[in-house]
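Biologist: I would like to learn how to read a structure like this. Please take me through it feature by feature.

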Amino acid sequence: GVTTALLEGDAVPLLVGSGEKGIGIDILLNTIVNYMPAPDDDRAHLGFRYKEGEERKVSAKDPFAAVVFKTVSDPFLGKISIFKVISGILTKNTPLYNVTTEETEKLGGLFVMRGKEQIEVDEIYAGDIGATTKLAGTLTGDTLCDKDHMVKYKKLKHPTPVLYYAIEPKTKGDEEKLTQSLKKIRDEDPTFTIERNTETKQMTIGGQGKVQLDVILEKLKNTYGVEVEIVPFIIPYRETIRKSASVQGKHKKQSGGAGQYGDVWIRFEPSENDFEFDEEVFGGAVPKNYFPAVEKGIIESKEKGVLAGYPVTNFKAVLYDGSYHDVDSNEMSFKLAANLAFKKGMQEASPVLLEPIMKVEVTIPESYLGDVMGDMNKRRGRILGMDQQNDGTQVLIAEAPQAELFTYLIDLRSLTQGRGTFNMEFVRYEEVPQNIAEKIIEERKTDK
């Protein structure tokens, strides 16, 4: 009865013990022997996360299939893929096909693991666990099988990261070493993510909590010899304009040799699109061949706004007048003129600061709902709604600025005695309140 309940997902065994002190290991092993389904249990023949393809029994007589459930980076052997053979027999000569990536793989030795020791074997039967090296394109969760008898098993769903650190190496020359080391750690732990923000140039790592990320930083230091420090997040703010402004940008330089002359009148106005450029020039006031130079000048200028140097978005620039010189005008002159017009136009068009807004879904026991809602309001969050789940928990849906959410996981766990979880995603940019915008602009000027 217990075995059936486990197979159908109606019951989950919960055992108390300590791996460090060796407490409860005998109870764990006895529970596995007495209650877990045997590999060849008829009730489990599709129990191992079957997804599609040929149905298999856990039998050495069926065609070969295996699932990689763990990846380890070894300093000497490289990447070790640990797998469970679901059906058939795996030998050193068995051809491998990765159904997940649709690529052929080559076995790099065959062994079983005993702690850190690798014991070489000739074959591994259905139901047993083995390991190999040098599977270049195979990751945790991938299915390996016989190409003529394909089957695919479901991959585990990994939770999305909820806590992020911005990091940089303590030694300037360690950037490449840090990147390579983090990739090896990610191969071992798919719940861990690495990102390099192209805008802020920061490297961020994400995980399920402080303990996981702190362990990864220790591993970087002790295993890979890379020391890193946690640095403050640079939030990717934006700038935009609230009203229209028509301005002149005039670049004139005549000091010996060839002169430079470019003169443009540009109207800047708010737009739904990220950036638009248009022209309404009549009578050849600005020759058409200079239009691309004017547009290029604005595109280059919009990377640094006038408020705090953040990229400018959601505006339209319309070139509607200007003048030129038969000899001294050239593309560079008009590009510089557009640059001058941009700076002047942004100042006059009521510039404002924008911040990224995240949608947050918080899952909590109902008894903590009031505390969590109060905390979300303190973070300038807006409650969008609540959804009661079948298990009695509540899902709180809200939107809040990214700047207020970097340590949210730690605070949420503190508020809910470790029982609250959440996920978040970017939704849009919104104007920063005036008092906060002033602080951000002042800090930005101080940093410069």
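Modeller: Start with burial: buried means under 20% relative accessible area, exposed over 50%, partly exposed in between (1.4 Å probe, protein chains only). L15, at 38% relative accessibility, therefore counts as partly exposed. This is a predicted model: local features need pLDDT of at least 70, side-chain atom pairs count only at pLDDT 80 or more, and totals for chains, interfaces and linings use all residues. Residues are numbered from 1 along each chain as its sequence is written, and side-chain values use heavy atoms, leaving out hydrogens and water.

Biologist: How many salt bridges are there?

Modeller: Side chains of opposite charge can pair when their charged atoms come close. The rule is a side-chain nitrogen of Lys or Arg within 4 Å of a carboxyl oxygen of Asp or Glu. The count comes to 21 salt bridges.

Biologist: Which residue does K219 meet in a salt bridge?

Modeller: K219 meets E188, at 2.5 Å from N to O. K219 lies in helix α4 (residues 210–222) and E188 in helix α3, so the pair ties together parts 31 residues apart in sequence. Helices here are DSSP runs of H or I, at least four residues, and strands are runs of E, at least two, numbered from the N terminus. E188 is buried, at 16% relative accessible area. K219 is partly exposed, at 28%.

Biologist: What is the strand order of the open sheet?

Modeller: Strands of a sheet pair through backbone hydrogen bonds, either parallel or antiparallel. Pairing needs at least two DSSP bridges between two strands. Here eight strands run β6-β5-β11-β2-β3-β10-β7-β8, with antiparallel pairing. The edge strands are β6 (103–105) and β8 (117–120), each pairing on one side only.
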